[in-house]
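Me: I would like to go through the labels attached to this model and see what each one rests on. Please set each value against its cut-off before you conclude.

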Amino acid sequence: MLVRFAVGTQGEKGVSAEIPENVFQADGQGVTLSAAANRLKVVERVLSEAQPPPLGASSLLGLFQLLKEASEVEVEEPGQLGALEELGRHYVEITGRLLEEENTDDWSEIKPIIGGPMTVVENVDKMASSLHQLLSPERVKVTFHSKNIGIEVRRAELGPERAGGGASLMPTHRWDQLDAIEIPAEELERLRVKGLRQITLTHTWYSYGALQHLLASSSAVFKDAAVSDGGRRHLSTQVASSIISSSLVSNYEEISTSVRYRLRHRVQALADQLVEAVCAFWNFSRSPEGVGGWSTRGCSVSSSQEDLTTCTCNHTTNFAVLLQVYEVQRSLEEESTLKTLTFVGCGVSFCALIVTLVLFLAVGVPKSERTTVHKNLIFALAAAEALLMFSELAKINQGVCFAVTAFLHLFFMAAFAWMLVEGLLLWSKVVAVNMSEDRRMRFYYVTGWGLPVLIVGITLATSFNKYVADNHCWLNVQTEVIWAFVGPVLFVLTVNTFVLFRVVMVTVSSARRRSRMLTPNSSLEKQIGVQIWATAKPILVLLPVLGLTWVCGILVHLSVTWAYIFIMLNSLQ
């Protein structure tokens with residue numbers, strides 16, 4: 001196999017640099033550490049002579065395979081430590097050159113063959129895991145760095161003298177001084193309590209380049225992001241920072257620990273777009289193919305500025321800052337106005353519901369199916385409205401916010417379940433059913449309270465860690481969790497729309513017959529007026545009872561006008 005790199009630009013005659021055949025002839029099995037280091041030395045020399053243009057897909061694939069084989073070579077005796085250090089230095093230099101942005105198209109071409117761009121990172125991690133053998137009492141830190149990649153292996157003592165400080169893994173002078181990762185002091189204290197006295201830290205860093213461009217196409221952590229309230233629409237998710245990682249080993253055993261990292265990121269958005277920073281890590285086991293994907297589990301944003309974000313994660317792996325780009329569909333003034341109107345509308349609705357419930361209880365309305373259903377619907381709606389008004393205050397405490405979200409989900413589900421019961425009760429009055437009143441009420445209670453409890457319970461059991469949204473106390477609309485609310489609501493609205501249509505048909509037909517019997521000689525205009533009123537009356541009365549005003553909620557993303565109409569109608573529900 002002969003790999004040739006052309007040097008020059010388009011329109012010029014290129015100068016070629018060749019890697020000798022014997023570099024690629026041996027496979028990884030049986031290759032000594034010295035031989036592997038020498039092979040990488042030759043490749044580095046050739047690459048240093050071959051400047052851009054890009055390498056080419058076939059050359060890139062050959063070099064990737066060579067690096068993969070080199071990462072699997074192990075130290076067999078202490079005398080090979082010099083060769084290990086040489087291999088590490090050449091490995092970092094070659095990988096840095098391969099990750100130049102000019103090679104992005106070639107990486108895209110070989111991506112299906114190598115199993116995704118993060119296999120480069122996986123191979124670097126494998127090679128770096130052997131570098132701790134270079135450490136000694138006199139040498140507590142080993143660092144290799146190039147333009148696009150850096151590796152640091154450090155030994156740290158956990159004695160009393162380190163109390164109060166974190167095991168910082170700051171970049172060297174050749175790296176971006178804003179990118180950093182560290183183990184918090186409280187985590188070090190936890191490790192001391194466990195009896196650990198010495199740890200080995202391995203830190204890798206990949207600058208913004210070809211790797212990030214390749215990951216951009218598969219980096220949508222929330223690929224099917226929904227619209228929370230019509231104020232914004234998800235457009236894309238970008239890998240906007242360097243990729244940084246750390247691992248911790250003590251007594252040849254990997255230790256799990258929390259980390260805190262800070263990364264500068266590039267904002268690529270237009271003036272009418274909103275950018276939101278997301279702390280994420282690469283989970284190699286996320287996809288069925290084993291290629292992996294970005295995940296946010298266990299990671300959260302500690303602070304974020306326009307071009308710098310600090311994150312906290314409860315584990316060690318490969319981290320980055322992703323930027324989710326949204327199209328802004330409402331101005332800040334409109335958002336503020338809608339929030340105020342929502343709060344006022346909820347207050348009006350809550351007061352009206354409480355007054356109605358008190359009247360039901362105080363006046364002594366005769367007990368019946370209809371009054372029982374009304375009372376349950378009023379209670380569920382009042383509880384939901386009260387929690388909705390309190391939710392803005394609750395978001396300052398994560399535990400309280402989670403509880404408020406769960407109860408909001410429960411009571412809104414109960415409200416819609418009782419709206420469905422209202423529809424079923426109406427249907428039972430229109431269509432003859434063979435079911436006693438006692439049996440109907442048991443069925444209504446199971447539907448009104450049992451189903452909401454079941455839905456919320458299943459949602460919490462299956463999606464506990466992604467249940468709550470990041471910025472407010474409600475379901476996470478950027479995952480499938482939101483369908484635990486939207487799905488049942490759409491079902492109730494569909495059923496109740498059919499019920500309303502049937503009730504209106506029966507009411508109009510009855511009004512027409514009554515009009516003909518009572519006023520057979522009335523004018524055509526009067527008969528039309530009677531029919532219009534017979535149609536409008538049940539619609540006006542039943543729309544809020546059956547929850548059909550929530551249809552406007554589906555349309556709020558189309559225009560801010562629909563948002564105002566939705567708030568007004570639900571304030572009167």
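Predicted model: local features only at pLDDT ≥ 70, side-chain atom pairs only at ≥ 80, totals over all residues.

Me: What makes the pair of arginine 190 and glutamate 187 a salt bridge?

Reply: Their closest N and O atoms are 2.9 Å apart, and since the rule asks for a side-chain nitrogen of Arg within 4 Å of a carboxyl oxygen of Glu, the pair qualifies as a salt bridge. Both residues lie in helix H7, 3 residues apart, about one turn of the helix.

Me: What does the pair of glutamate 369 and arginine 440 join?

Reply: The closest N and O atoms of glutamate 369 and arginine 440 are 2.7 Å apart, and the two form a salt bridge. Glutamate 369 lies in helix H10 and arginine 440 in helix H12, so the pair ties together parts that are 71 residues apart in sequence. Both glutamate 369 and arginine 440 are buried.

Me: How do you know that the lining of the second largest cavity has no charged residues?

Reply: Its lining consists of Phe64, Leu67, Tyr91, Thr95, Val120, Asn123 and Val124; because only Asp, Glu, Lys and Arg count as charged, the division comes to 5 nonpolar, 2 polar and no charged.

Notes
Residues numbered from 1 in each chain as written. Heavy atoms only, no water. 1 Å grid on protein atoms, 1.4 Å probe; cavity = no way out; pocket = protein on both sides within 12 Å on 5 of 7 lines; lining within 4 Å. Helix = DSSP H or I, 4+ residues; strand = E, 2+ residues; numbered from the N terminus. Buried < 20%, exposed > 50% of the residue type's maximum accessible area, 1.4 Å probe, protein only.
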